[in-house]
Protein chains: 2
Amino acid sequence: MAGTGDFYDDLETRDPEAREKALLSALPDQVAHARANAPFYSDALKDVDAKSITSREALAALPVTRKSEVIELQKSKPPFGGLAAIDAGDAAAVFTSPGPIYELMSGTKDYFGLGRSVFACGFRKGELIHNSLAYHMTPGGWMFHSGAQAVGCAVFPAGVGNTEQQVEALAHLKPAGYGGTPDFLQVLLGKADEMKLDVSSVKKAMVGGGPLFPAMREAYNARGISVLQNYATAELGLIAYESPALEGMILDERVIVEIVRPGTGDPVDEGEVGEVVVTTMVPELPLIRFATGDLSAVMTGQSPCGRTNTRIKGWMGRADQTTKVRGMFVRPEQIAAVAARHGEIAKARLTVDHAGGKDISTLQVEANGDLNAEAVAESFRAVCKVGATIERAEPGSLPNDGKVIDDIRKFD
Amino acid sequence: MAGTGDFYDDLETRDPEAREKALLSALPDQVAHARANAPFYSDALKDVDAKSITSREALAALPVTRKSEVIELQKSKPPFGGLAAIDAGDAAAVFTSPGPIYELMSGTKDYFGLGRSVFACGFRKGELIHNSLAYHMTPGGWMFHSGAQAVGCAVFPAGVGNTEQQVEALAHLKPAGYGGTPDFLQVLLGKADEMKLDVSSVKKAMVGGGPLFPAMREAYNARGISVLQNYATAELGLIAYESPALEGMILDERVIVEIVRPGTGDPVDEGEVGEVVVTTMVPELPLIRFATGDLSAVMTGQSPCGRTNTRIKGWMGRADQTTKVRGMFVRPEQIAAVAARHGEIAKARLTVDHAGGKDISTLQVEANGDLNAEAVAESFRAVCKVGATIERAEPGSLPNDGKVIDDIRKFD
């Protein structure tokens, strides 16, 4: 059984250089595996020499695969769009998330890797967890469930809804804690108060799938419940998790995370907000540079809890900033394409507003040296099919919020 | 991987005497285990010499535990009423069924034993099954799921509801078959026709949890889907299953099944309808003579499919025939108590009708030798607190339908 001391395993407290070396030395094999066994990558990486992908720089030169592409990929090549290295029938379970996007779980113990987060939340072998995430169709419930099993916990698969029965089960089974969305625990506690049932056995909670606001965390703490969150997706499983240190989210040990400028595959500087791009070492769904559509940023330093892996700030919004300007879709990829036409542009950000009955687009650019604003405006019209005013901004002055398109129109 | 030939394992084709010997030689250990590790049985079987329970006669002398008692047992001794030999936290999962009754699943592979039934339905390793039973709270979905995993199948945990999304998933994932209630597959097929989506990959179905009417089975067959059912409960897992021979249900290899007169623990003659009482060899929830409340009957002979275990007729109704006569509850146990006071009574059956504005109770009795009807009427009043007319019936003339109380009043 994993995790009987303070840490789930020795990987968590490795020397960061040893971790980086281990991940980067596993990377060429994973790239080769994906190319050999996942048809999508056989094509996407056909010109790549897998053996040469031994550094973050080499990785950053590979194409990103966007979550938003997956629906179409899977429609044309069911069931998994060629992204999986195993057949559906050889999985343990197959899921569908809204989109629809299809995912899988193999029979490997704790396939999604959430055991690490369950352990960090304080759960230990022999405890019972009430899991209020759905097991039907989507993998949410299964991710928490298999993580709990990996730690040696029993699970009550409560699922969603049926609040009164859930409260009755809480009062009868007296679980040590809760797994689910951050807000539903409040619903359960409120209903328990109303029903005058004692659910005070719940002292710990592992939450995900939605924002845990600081006030919400404090309210739980006031009731004697410590709540930690994690960041996981249906395709990748665990990406990062909170520890009791409560300083950002610590990366999982199976992933290489890059933060890139939205719409591109280009890593941003450390600390800058961008899109979370993940390369996983999981063999069954060997995603290489998978762009999650989520925004976050790398934090400097290490967690005081003793876990040595890189930390990220957690979920900071969605990177998909596609919007419509005067009836035309404008996408972050197009802003990146405009910038790419002008070597002097270091960073560009489109602001969309509405005044006098029409949409007003302003492209702010940080540039090195001279800027030919007229040429940039022409490029913008050519790429985006709508016009924009070009405005020069001081280097470093554009906000660090991961936004490439900032839509500030008021629609109400 | 189990089951690559025609049978799931060698147990299915054993010499019936060898099976009986194996079950009866395991029985004393199971009784001793229950008494030592399940607090309810420590009490209920405290005067029993476990070593002596080596025959069906000895087993038949042990007390039955009725499913209807479990709710109160569990209320007074949460979570499992002392029936389990493991703690909730040492289970893999804990469930609740309407009642509420709480059940568990251990981490043992295919804890519920449904793999045998999945295999008999024709499913094989590497196939995908669409499972439309619920995973939330109740164990239904888990029972099918872990059975499918034991055979080496992948599962799409569809759960209940969301019919359109379920049809979309069927059309996209093209599973080999369906698991669920007998009627919901009709709903899915109807919706698929309406949505003009092709779900013809579904060729097999394993159904349970409700009646599979012959016309329904034929309608599925006409669409090229073979449908087999099983009989399983949340506490016991698999009890019996259909094979392609379609002659009754073959008993599972882990259970000793008795058919008893409802309200008693007394085995009926072979072929007679009575309540299904199960003793299981599963260690985690070691139920000894657990009265399911379901009616069935043993069939003579063996299945032509080659499986040699005893067959039962499948579900024939509920044994719980408790009713109210002139405001008083009358239970099968009370009819049994009346009969027990008069050695000459071989079988008794109460018919409750309503005429002239009042309830009319008639106790029909099959008797050996003389019958003192007046004394029986007195006993009836003493035990049931209401009167009844006593009518002598020819030996063997009372219907073989498992009914001890037949309520023929029309309430509409």
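Chain A averages a pLDDT of 94, and 99% of the residues score at least 70; pLDDT is the predictor's confidence in each residue, on a scale from 0 to 100. The structure is a predicted model, in which local features need pLDDT of at least 70 and side-chain atom pairs count only at pLDDT 80 or more, while totals for chains, interfaces and linings use all residues. Residues are numbered from 1 along each chain as its sequence is written, chains are lettered from A and ligands numbered from 1 in the order in which they are written, and side-chain values use heavy atoms, with hydrogens and water left out. The model scores ipTM 0.87 and pTM 0.88.

Helices (H or I, at least four residues) and strands (E, at least two) are DSSP runs, numbered from the N terminus. Four strands of chain A form an open sheet with mixed pairing, in the order β20-β19-β18-β21; two strands pair if DSSP finds at least two bridges between them. At the edges stand β20 (389-393) and β21 (405-407) of chain A, each with a single partner strand, so one side of each is left without a neighbour in the sheet. From one strand to the next, the twist averages 25°. Strand β18 (residues 345-355) of chain A runs parallel to β21(A), and three bridges join them. Here A:T351 stands opposite A:D406 in β21(A).

Two helices accompany this sheet. Helix α10(A) packs on the sheet and touches β18, β19 (358-367) and β21 of chain A, its direction making about 130° with that of β18(A). Contact here means heavy atoms within 4.5 Å, and axes are lines fitted to C-alpha atoms, for helices over the stretch in contact, with angles running from 0 to 180 degrees between N-to-C directions. Helix α11(A) lies across β18, β19 and β20 of chain A and runs at about 130° to β20(A). The two helices also meet each other: α10 (residues 332-340) and α11 (residues 373-384) of chain A pack at an angle of about 145°, with their axes 9 Å apart. On the α10(A) side the contact is made by A:Q334, A:I335, A:A337 and A:V338, and on the α11(A) side by A:V376, A:S379, A:F380, A:V383 and A:C384. By class, this contact of α10(A) with α11(A) has seven nonpolar, two polar and no charged residues; Ala, Val, Leu, Ile, Met, Phe, Trp, Tyr, Cys and Pro count as nonpolar, Asp, Glu, Lys and Arg as charged, and the others, Gly among them, as polar.

Strand β12 (residues 274-280) of chain B runs antiparallel to β11(B), joined to it by six bridges. Within this pair, B:V260 stands opposite B:E275 in β12(B).

In chain A, A:E275 is placed in strand β12 (residues 274-280). A:E275 counts as buried at 4% relative accessibility; buried means under 20% relative accessible area, exposed over 50%, and partly exposed in between (1.4 Å probe, protein chains only). Leaving aside residues up to four places away in sequence, the residues touched by A:E275 include A:R66, A:E258, A:V260 and A:D294.

Strand β9 (residues 237-241) of chain B is largely enclosed by the rest of the structure, because five of its five residues are buried. Strand β8 (residues 226-233) of chain B pairs with β9(B) in the antiparallel sense over four bridges, and the two form a hairpin with three residues between them. B:Y241 in β9(B) stands opposite B:N230, and the bridge partner of B:Y241 in β10(B) is B:I250.

Some loops deserve a look too. A cis peptide bond, with omega near 0°, runs from A:P78 to A:P79, and A:P79 is found in the loop between α4 (67-76) and β2 (93-97) of chain A. In chain B, a cis peptide bond joins B:P78 and B:P79. A:L246 has a positive phi near 55° and is partly exposed, with a relative accessible area of 44%.
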